[in-house]
Number of protein chains: 2
Amino acid sequence: MAGAAGGRGCRMIRGAQIRDVLDAAHNVLFDCDGVIWNGEAAVAGAPEVVRLLKRRGKRVFFVTNNCTRPRENYVQKFSRLGFTDVAEEEIFSSAYCSAAYLRDVAKVQGKVFVIGCPGVLKELQDAGVPVAEQGDEGPDVSVYNLPLDPDVKAVLVGYDERFTFMKLATACGYLRDAECLFLATDPDPWHPLRGGRITPGSGSLTAALETASSRKATVIGKPSRFMFECISSQFDLDPARSLMVGDRLETDVLFGANCGLATMLTLTGVSTLEDAHELQQSESPEKKDCVPDYVVESIADFLQALEE
Amino acid sequence: MAGAAGGRGCRMIRGAQIRDVLDAAHNVLFDCDGVIWNGEAAVAGAPEVVRLLKRRGKRVFFVTNNCTRPRENYVQKFSRLGFTDVAEEEIFSSAYCSAAYLRDVAKVQGKVFVIGCPGVLKELQDAGVPVAEQGDEGPDVSVYNLPLDPDVKAVLVGYDERFTFMKLATACGYLRDAECLFLATDPDPWHPLRGGRITPGSGSLTAALETASSRKATVIGKPSRFMFECISSQFDLDPARSLMVGDRLETDVLFGANCGLATMLTLTGVSTLEDAHELQQSESPEKKDCVPDYVVESIADFLQALEE
């Protein structure tokens with residue numbers, strides 16, 4: 001694609017320039033939070049953008065590090081926010097991909113101990129991956145007698161509002177066995193909430209467990225390549241004809257760079273144009289890979305290019 | 001001292017060699033866990049070593065990153081394990097020093113939000129530092145409506161077996177204000193338990209909060225210099241006449257090096273002689289600072305030197 005050939009220009013584009021970029025892309029991958037919607041509000045114009053991209057023959061995918069919902073709930077959310085034509089098969093969440101990794105890549109022979117939310121548990125269940133009991137946190141349970149299930153062969157960490165010290169200590173107990181796999185759904189350190197608040201992300205809980213266990217997690221979500229491999233295994237994508245659109249430089253844009261995709265930052269979420277310029281000045285190759293090829297104010301800017 | 005002048009030799013010593021090292025030291029600083037005791041069992045000979053050191057006119061201090069007890073409980077534990085002559089004033093825990101830091105150095109003008117155990121809360125209370133309510137974690141409380149007390153001006157993280165996601169999110173909320181101080185009692189990633197188990201340490205919980213808040217904590221415990229400054233402010237110690245004895249290279253020995261003390265590793269705790277040799281081979285100056293001047297099997301080896 002033009003952008004990939006021309007290097008990571010961090011080029012603010014609009015109108016006809018956007019049309020050129022979309023003409024070159026056969027596949028468009030969108031992050032969700034901060035790109036397609038913010039909380040329970042669709043980004044203005046986003047439903048129409050998705051509809052028009054599909055009408056133009058593009059394949060559209062949604063690639064999200066948010067592990068809180070199973071795919072079927074994402075379909076409901078898309079529908080609720082006015083996206084009428086999004087199918088479950090087009091949605092790749094870190095929860096879904098983690099379950100796919102455990103079943104198809106790691107081929108785990110045993111149970112998984114989960115620090116995570118219902119979305120993670122449901123995807124594991126749908127994939128047929130057995131999950132260990134969370135254990136009792138009654139008054140008799142302490143760090144000295146935490147029960148450990150000998151059938152546990154993997155620990156998976158995701159966003160978990162019911163995270164406790166005893167869950168952390170239990171996971172730590174399993175990871176003492178070097179054969180026990182250690183996975184994280186995604187590396188997101190925090191997530192924006194409405195009103196300027198934030199909530200700790202999976203990456204925060206993973207950091208606690210990495211420190212306590214002296215081990216490093218295998219991260220499934222962006223910027224790891226695995227989510228793209230997961231899509232490719234089902235849809236045969238050409239990276240050179242694919243565009244990744246996201247709002248976080250260190251996850252979405254780096255993911256695109258890691259997978260050889262053209263990358264676009266949209267300014268309706270976490271990262272700013274100043275953040276991108278700062279990374280552009282860096283000498284570190286890893287930071288330079290976080291610089292997008294293109295920048296748009298919002299994916300609503302696609303509308304003009306698509307409607308002409 | 002001989003050891004400090006001769007560089008960090010990682011020299012295994014016994015008998016007369018130990019006597020020379022002790023002769024040169026006017027002050028002896030001991031870590032507790034893995035040095036003086038393991039759990040509820042004193043290291044064999046340790047009570048007698050402390051008694052004899054004092055009889056020889058040495059000043060003895062106990063410098064522990066363990067924040068679970070207030071100083072008065074340490075006195076009780078010393079007494080229970082056969083140490084009959086240890087005074088509260090000789091015990092410097094990370095909980096006590098954190099309270100001293102907040103009151104005397106940071107001079108915090110407001111409340112402290114604490115992730116920590118009763119030992120931390122008691123020391124803050126004794127120091128007259130006001131503590132914020134932990135908040136209600138009832139069914140109506142979520143990350144969207146966590147109550148934040150406007151009087152909180154500092155967050156302190158220590159070992160907390162009642163750590164929850166909501167505590168993490170609350171601390172994260174306070175740290176959004178760049179003026180809010182961020183302290184950690186100690187950096188210990190985990191602690192050994194009997195039976196080969198481990199439990200996550202303060203450093204693990206701090207890592208979660210550092211990741212979620214995109215900030216770095218000021219660490220009070222070893223290897224930070226502050227605990228030595230805290231002792232010095234009360235006892236006027238000459239670092240060149242002081243010996244630090246510990247079982248963890250990355251905390252105890254590095255602490256000694258950071259403060260200009262002679263350092264001794266004892267092999268009754270976490271670190272091994274192989275760990276020390278590995279660090280000795282490293283090119284990194286920080287790692288080289290974790291290499292002790294001396295190594296003993298146990299502080300029981302002091303007995304022969306002291307009894308002659």
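Which residues are buried in helix H6 (residues 118-127) of chain B? In this helix, Gly119(B), Val120(B), Glu123(B), Leu124(B) and Ala127(B) are buried, where buried means under 20% relative accessible area, exposed over 50%, and partly exposed in between (1.4 Å probe, protein chains only). These residues cover an arc of only 130 degrees around the axis, which puts them on the same side of H6(B); the arc is that of the directions from the helix axis to the C-beta atoms. On the other side of H6(B), Pro118(B) and Gln125(B) are exposed.

This is a predicted model, in which local features need pLDDT of at least 70, side-chain atom pairs count only at pLDDT 80 or more, and totals for chains, interfaces and linings use all residues. Residues are numbered from 1 along each chain as its sequence is written, chains are lettered from A and ligands numbered from 1 in the order in which they are written, and side-chain values use heavy atoms, with hydrogens and water left out.

The cover over the buried residues of H6(B) includes helix H4 (71-80), helix H5 (94-105), E7 and E8 of chain B. Helices (H or I, at least four residues) and strands (E, at least two) are DSSP runs, numbered from the N terminus. Just after H6(B), Gly128(B) takes a positive phi of about 75 degrees.

Chain B also holds an open sheet of 4 strands with parallel pairing, in the order E7-E8-E9-E12; two strands pair if DSSP finds at least two bridges between them. Strand E7 (111-115) and strand E12 (218-219) of chain B stand at the edges with a single partner strand each, so one side of each has no neighbour in the sheet. Within the sheet, 4 bridges join strand E8 (residues 152-157) of chain B to strand E9 (residues 181-184) of chain B, and Ala154(B) stands opposite Leu181(B) in E9(B).

In chain A, Lys77(A) belongs to helix H4 (residues 71-80). Lys77(A) is buried, with a relative accessible area of 3%. Not counting residues up to four places away in sequence, Lys77(A) touches Trp37(A), Gly39(A), Glu40(A) and Arg69(A); contact means heavy atoms within 4.5 Å.

Finally, the two chains meet: 34 residues of chain A are in contact with 35 residues of chain B. The area buried between chain A and chain B is about 2,900 Å², of which carbon and sulfur atoms give 63%. Buried area is the accessible area (1.4 Å probe) that two parts lose on being put together, summed over both.
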